[in-house]
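Hello,

Here is the structure I promised to hand over. Please have a look at it first, and then read my notes below.

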Amino acid sequence: MEDKQPIINESMSSREMLDILTAKNMEDARQAKARGDLVCWASSIAPCEFTETMGIYTVYPENHAVGIAARKGAPELLQYAESKGYANDICGYARINLAYEDVRKCVSEEMPLPDVVLLCNNICETLIKWYENIAYTLNIPCLVIDVPYNHGDEVTEENVAYVESQFKEIITQLEDLTGKPFDYDRFAEIQKIAADNANAWEEATGLAAAAPSPLKGFDMFNYMALIVCMRGKKECGMTFRKLKEELQEKIDKGQGPFKDGPEQHRIMWDGIACWPYLSHTYKGMKRFGINMVGSTYPSAWALHYTPGNLTELARAYTSMGNNLSLKGQIDLRKKIIKEFDCDGVIMHMNRSCKMCDFMQYEVGKALQEDLGVPITTFDGDQADPRNYSKAQYETRIEALNEMMEEKENA
């Protein structure tokens with residue numbers, strides 16, 4: 001169960017808190033596995049409120065794959081997965097994780113094997129076959145929240161009711177799995193913690209709207225690890241509230257994101273980070289004074305609902321980012337561009353994420369037509385370094401900088 005002793009305190013920086021907590025989350029799961037307690041592998045925006053309530057230690061293969069890719073350890077695992085028959089066209093996170101399941105070694109922290117997997121396909125459909133394969137190989141339960149895609153402008157009541165009915169089934173399945181009754185009082189507590197943490201995450205990252213921005217946008221990618229893996233724990237919110245204090249202090253002092261130069265241009269980054277080349281993508285923008293201030297990442301985990309209201313909880317998990325219609329995707333990006341006063345947009349044409357890529361052309365076209373915002377794209381991958389060209393990226397960023405300057409001087 002949860003450690004009652006505080007492991008972080010207000011004297012620490014938010015970055016220190018982040019490093020301590022992300023390491024602790026994985027270590028807690030390893031210790032739980034050693035004790036014989038249940039460990040769950042979950043998709044990044046699955047309803048952690050349920051496993052947290054039942055005291056099941058939950059870790060996230062996507063987060064784990066990010067750590068491996070960022071530490072340059074992906075190629076060996078990708079090659080292993082492909083040798084097992086997994087095509088290199090499927091998600092790089094999936095290939096890394098399915099390989100790790102076999103070899104159980106990596107350059108990042110070792111993640112204990114699961115006793116159950118939990119997925120919610122509100123971010124992509126690949127998760128279904130990915131997690132089914134894990135469950136089949138390890139002979140463990142696979143808990144699925146099937147979220148219908150929102151083809152229209154509004155989330156239908158039928159879709160919400162369908163997801164809510166599955167939440168009720170998940171409770172029954174978890175009771176059968178753990179052999180203990182579901183604690184509804186604890187469930188309400190966890191929901192409040194998760195909702196408060198989501199608000200703290202959204203408020204902290206929202207301060208990037210200040211001019212100049214106090215936040216180097218790529219720092220957002222690092223802090224994102226915590227909202228993924230500890231959204232149901234109080235320490236997560238403490239970290240984001242501390243981050244908010246730090247950013248507000250920089251705003252009050254008029255400090256921008258770069259120590260060695262001003263913030264010249266502000267852009268929205270569309271798509272997942274290119275983790276194997278995070279440093280290169282950041283430096284490629286920084287040399288022109290370009291800062292990423294807006295992204296679809298914060299809204300993905302800003303799940304708003306009233307704790308204790310299962311219908312609102314179902315609506316929240318049905319209404320997030322990748323599950324929006326094309327118009328919803330366009331409107332979300334327009335809102336980000338306006339609120340964060342973005343001068344341009346970078347679109348990562350991510351070979352791993354078909355869900356994102358298939359709509360980017362239409363999204364980009366609408367943004368240019370309606371807002372007149374300069375846009376550039378580059379080819380890459382969230383995990384597979386073979387799908388990225390440093391030269392192409394540098395050329396595209398240079399072109400975007402020229403377009404933004406031309407518009408500014410027009």
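Is E402 buried, partly exposed or exposed? E402 is partly exposed, with a relative accessible area of 48%; buried means under 20%, exposed means over 50%, and partly exposed lies in between (1.4 Å probe, protein chains only). The areas come from the Shrake-Rupley method with a 1.4 Å probe, and for residues only the protein chains shown count as cover.

Before the rest, a word on the source. This is a predicted model, in which local features need pLDDT of at least 70 and side-chain atom pairs count only at pLDDT 80 or more, while totals for chains, interfaces and linings use all residues. Residues are numbered from 1 along each chain as its sequence is written, and side-chain values use heavy atoms, with hydrogens and water left out.

Back to E402, which sits in helix α16 (residues 390–409); helices are DSSP runs of H or I with at least four residues, strands are runs of E with at least two, and both are numbered from the N terminus. Together with E398, E405, E406 and E408, E402 forms a patch of negative charge on the surface. Patch members have over 30% relative accessible area and no salt bridge, and like charges are joined within 9 Å. Asp and Glu count as negative, and the charge of Glu is placed at CD.

Now to the salt bridges, of which the structure holds 26. Each is a side-chain nitrogen of Lys or Arg within 4 Å of a carboxyl oxygen of Asp or Glu. R386 pairs with D384 at 2.7 Å, N to O, and D384 is buried at 2% relative accessibility. Both residues belong to a network of salt bridges that also links E82 and R95.

Another salt bridge joins K84 and D102 at 3.5 Å, N to O. This pair links distant parts of the chain, 18 residues apart: K84 is in the loop between α4 (74–83) and α5 (92–103), and D102 is in helix α5. K84 is exposed at 52%, whereas D102 is partly exposed at 32%.

The peptide bond from A211 to P212 is cis, with omega near -5°, and P212 lies in the loop between α8 (184–206) and α9 (217–229). N139 is not a glycine, yet its phi is positive, near 55°; N139 is in the loop between α6 (126–138) and β4 (142–145) and is exposed at 70% relative accessibility.

Best wishes

Definitions and conventions: Patch = residues over 30% accessible without salt bridge, like charges linked within 9 Å, V, L, I, M, F, W, Y side chains within 5 Å.
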